[in-house]
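Hi,

Here is the structure I promised to pass on. Please have a look at it first, and then read my notes below.

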Amino acid sequence: MCKIIAIANQKGGVGKTTTTSNLGIGLAKQGKKVLLIDADAQGSLTASLGFTEPDSLEVTLATIMGNLINDEEVEPGEGILHHEEGIDLMPGNIELSGLEVSLVNVMSRETVLRSYIEIVRESYDYILIDCMPSLGMITINAFASADSILIPVQAAYLPVKGLQQLIKTVGKVKRQINPKLEIEGILLTMVDSRTNYAKDISAMLKEAYGSRVRIFANVIPISVRAAEISAEGVSIYKHDPKGKVASAYDSLTKEVLADGQ
């Protein structure tokens with residue numbers, strides 16, 4: 001059974017990409033077969049895994065989705081890149097922006113990504129989708145394909161407010177397109193443990209959503225070392241294996257694995 005998790009928040013800079021790559025590599029370290037899908041036109045996930053020129057890649061998610069829209073054959077391994085830390089990647093780049101615009105006129109436009117996932121899911125235990133910071137058509141495609149959504153939230157007051165829109169959209173997709181969709185949980189990121197601020201935010205989140213949505217027990221601490229990794233093309237496990245961020249992602253991986261049991 002393959003579990004598909006979309007990692008989403010319509011606000012940028014909350015640690016979506018870092019969470020996708022480190023959770024994915026964490027799952028691979030636990031012996032799982034993992035595919036990461038970069039569904040963000042900025043290609044940050046692709047670049048952070050060491051493929052530094054996403055826009056020059058020949059086959060990306062936009063190519064594959066374009067082929068599916070045109071009823072062309074797609075091979076399961078087509079365009080998939082392999083990363084030294086044991087995960088596979090379907091890269092994304094700027095072409096997704098153009099695809100997003102053209103999807104508006106496509107029949108069953110919300111489920112193009114789902115058709116792709118059907119082709120590859122046999123080969124994986126987990127597929128993680130790094131969504132773009134918007135609630136546009138590509139993100140809706142990710143929600144239509146996913147079993148659950150993991151929401152990284154920066155420990156600050158404003159982003160917490162923005163969650164209402166996201167949770168509403170998830171509810172709408174669940175009702176109209178994907179009845180199995182659940183919220184995996186809210187993950188607090190960039191937490192400065194020296195302040196009470198994160199505790200306040202955590203309390204606010206629990207008060208606002210805690211009854212309906214799980215708040216992960218693990219939080220991801222703020223760290224300069226974590227900020228450096230995107231430039232290196234490796235995960236936090238390689239860059240700073242003994243650090244607190246690696247340990248936090250390791251605990252998160254175990255929390256996610258426990259759900260899959």
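How close do the axes of helix 3 and helix 4 come, and at what angle do they cross? Keep in mind that this is a predicted model. The axes of helix 3 (residues 61–69) and helix 4 (residues 95–103) come within 9 Å, with a crossing angle of roughly 25°. Angles under 35 degrees count as roughly parallel, so helix 3 is roughly parallel to helix 4. The crossing of these two helices is left-handed. On the helix 3 side, the contact is made by Leu-61, Ala-62, Thr-63, Met-65, Gly-66 and Ile-69, which meet Glu-95, Leu-96, Leu-99 and Leu-103 of helix 4. Sorted by class, that contact has seven nonpolar residues, two polar and one charged.

Now for the other helix pair I looked at. Helix 5 (residues 112–120) and helix 6 (residues 137–145) have axes that come within 7 Å and cross at roughly 45°, which means that helix 5 is oblique to helix 6. Their crossing is right-handed. Here Val-112, Leu-113, Arg-114 and Ile-117 from helix 5 meet Asn-141, Ala-142, Ala-144 and Ser-145 from helix 6. The classes in this contact are five nonpolar, two polar and one charged.

I also checked the rings. What did a search of the whole structure find in the way of aromatic pairs? The count was zero.

Best wishes

How values were computed:
Residues numbered from 1 in each chain as written. Predicted model: local features only at pLDDT ≥ 70, side-chain atom pairs only at ≥ 80, totals over all residues. Heavy atoms only, no water. Phe/Tyr/Trp six-rings, centres within 6.5 Å; stacked < 30°, edge-to-face > 60°. Axes fitted to C-alpha atoms, helices over the stretch in contact; angles between N-to-C directions. Helix = DSSP H or I, 4+ residues; strand = E, 2+ residues; numbered from the N terminus. Parallel < 35°, antiparallel > 145°, perpendicular 65-115°, else oblique. Left-handed = near helix turned anticlockwise from the far one by under 90°. Contact = heavy atoms within 4.5 Å. Nonpolar A, V, L, I, M, F, W, Y, C, P; charged D, E, K, R; others polar.
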